[in-house]
Amino acid sequence: MRPDVLVLIGQFAPFHNGHLALVHRALALAGRVVVLVGSSGRARDGRHPWTADERMQMIYAALPEAAGRLVVRALRDHLYNENAWVLAVQAAVREALGPDFAGARIGLIGGPEDPAADPLRAFPQWPRERVDAVAVAPSCELRARFLEDTDAGLDALRGSVPPAVAQWLAAFRANAPAYRRLADEHRFLETYRAGWASAPYRPTFVTVDAVVVHSGHVLLVARGAQPGQGLLALPGGFLRGDERLLDAVLRELR
């Protein structure tokens, strides 16, 4: 039976041609499509350069013809709590559909199932429409090229994202103050990884963080160095070779 609504869940960082194919297929199969943009509310970093609102802008820009049939909503992560995430997805779909939610035949749409990690299996009440994956570079590679801060890096994206998204990304690079910090952080991490590339073993780092609660408040600090320079964080740092964990926590806290 044809579904009334198909739901697509993802990060969309950035929204690329593979995502576009999924939405087009969903629009061909159902009257309405709800796209849920994950990791809403997270601080910007190399894995999450764009806010949920910015990723929603990309999606709407790439699909102007779907106005009236496409609804895009932000979705917060619930790490280590699948039940809370499932409830958040259901609530987001309910809010997106409004009074039509109660009687709607709802389904899910996604790429080929990954038996090791398939979050869509958490919704057995919603039938799943599987679509063959479209060949496109992994999102992590697209983000890395974008953060190279070169015209060549931006040009490399153009074949993997819709034209409207390429224009949006070019404007973000040129005008968004956040881009400079993200590009600097990307260079720092690439240099840091390169410094350990010749190590005879895979490096393992132990870090500590302090959670200080006082009168209902939690102590935060502004990070003074990369990565995440200027962002709020728990006070913490690296464990030194001659320290116990508690000693490292107290040193970093002081």
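**View 1. Proline 14 sits in the loop between β1 and α1 (17-29).** This is a predicted model. The peptide bond that leads from alanine 13 into proline 14 is cis. Its omega is near 5°. Phenylalanine 12 belongs to the loop between β1 and α1 as well. Its phi is near 55°, which is a positive value in a residue other than glycine. Is phenylalanine 12 buried or exposed? Its relative accessibility is 2%, and buried means under 20%, so phenylalanine 12 counts as buried.

**View 2. Asparagine 17 lies in helix α1.** Beyond four places along the chain, asparagine 17 is in contact with Gly159, Ser160, Val161 and Pro162. Asparagine 17 has a relative accessible area of 24%. How far is the C-alpha atom of asparagine 17 from that of serine 215? The two atoms are separated by 50 Å. Along the chain, asparagine 17 and serine 215 are 198 residues apart.

**View 3. Five strands form an open sheet with parallel pairing.** Read the strands across the sheet in the order β3-β2-β1-β4-β5. Which strands stand at the edges? They are β3 (70-76) and β5 (128-130). Each has a single partner strand, so one side of each is left without a neighbour in the sheet. On average, neighbouring strands of this sheet are turned by 30° against each other, direction ignored.

**View 4. Strand β2 (residues 32-40) pairs with β3.** The two strands pair in the parallel sense. How many bridges does the pairing run over? There are 6 bridges between β2 and β3. Find valine 34 and look across to β3: valine 71 stands opposite.

**View 5. Helix α3 (residues 82-97) lies across strands of the sheet.** The strands it lies across are β1 (5-10), β2, β3 and β4 (106-110). Helix α3 runs at about 150° to β3. Now turn to the loop between β3 and α3, where tyrosine 80 lies. Tyrosine 80 has a positive phi of about 65°, although it is not a glycine. Tyrosine 80 has 84% relative accessibility, and exposed means over 50%, so tyrosine 80 counts as exposed.

**View 6. The second largest pocket holds about 780 Å³ of space.** Its lining has 22 residues. Which of them are the closest to the pocket centre? They are Asp45, Gly46, Arg47, Glu185 and Pro227. Helix α7 gives the most, with 6 residues. By type, the lining divides into 10 nonpolar, 3 polar and 9 charged residues.

**View 7. Proline 227 is found in the loop between β9 (221-222) and β10.** Proline 227 is one of the residues closest to the centre of the second largest pocket. The peptide bond from glutamine 226 to proline 227 is cis. What is the omega of this bond? It is near -5°. Compare View 1, where the bond from alanine 13 to proline 14 is also cis.

Key: Residues are numbered from 1 along each chain as its sequence is written. This is a predicted model: local features need pLDDT of at least 70, side-chain atom pairs count only at pLDDT 80 or more; totals for chains, interfaces and linings use all residues. Side-chain values use heavy atoms; hydrogens and water are left out. On a 1 Å grid over the protein atoms alone, a cavity is a set of points where a 1.4 Å probe fits but cannot get out, and a pocket is an open set with protein on both sides within 12 Å along at least five of seven lines; lining residues have an atom within 4 Å of a point. Grid points are joined across faces, edges and corners, and a volume is the space filled by probe spheres set on the points. Helices (H or I, at least four residues) and strands (E, at least two) are DSSP runs, numbered from the N terminus. Ala, Val, Leu, Ile, Met, Phe, Trp, Tyr, Cys and Pro count as nonpolar, Asp, Glu, Lys and Arg as charged, and the others, Gly among them, as polar. Two strands pair if DSSP finds at least two bridges between them. Axes are lines fitted to C-alpha atoms, for helices over the stretch in contact, and angles run from 0 to 180 degrees between N-to-C directions. Contact means heavy atoms within 4.5 Å. Buried means under 20% relative accessible area, exposed over 50%, partly exposed in between (1.4 Å probe, protein chains only).
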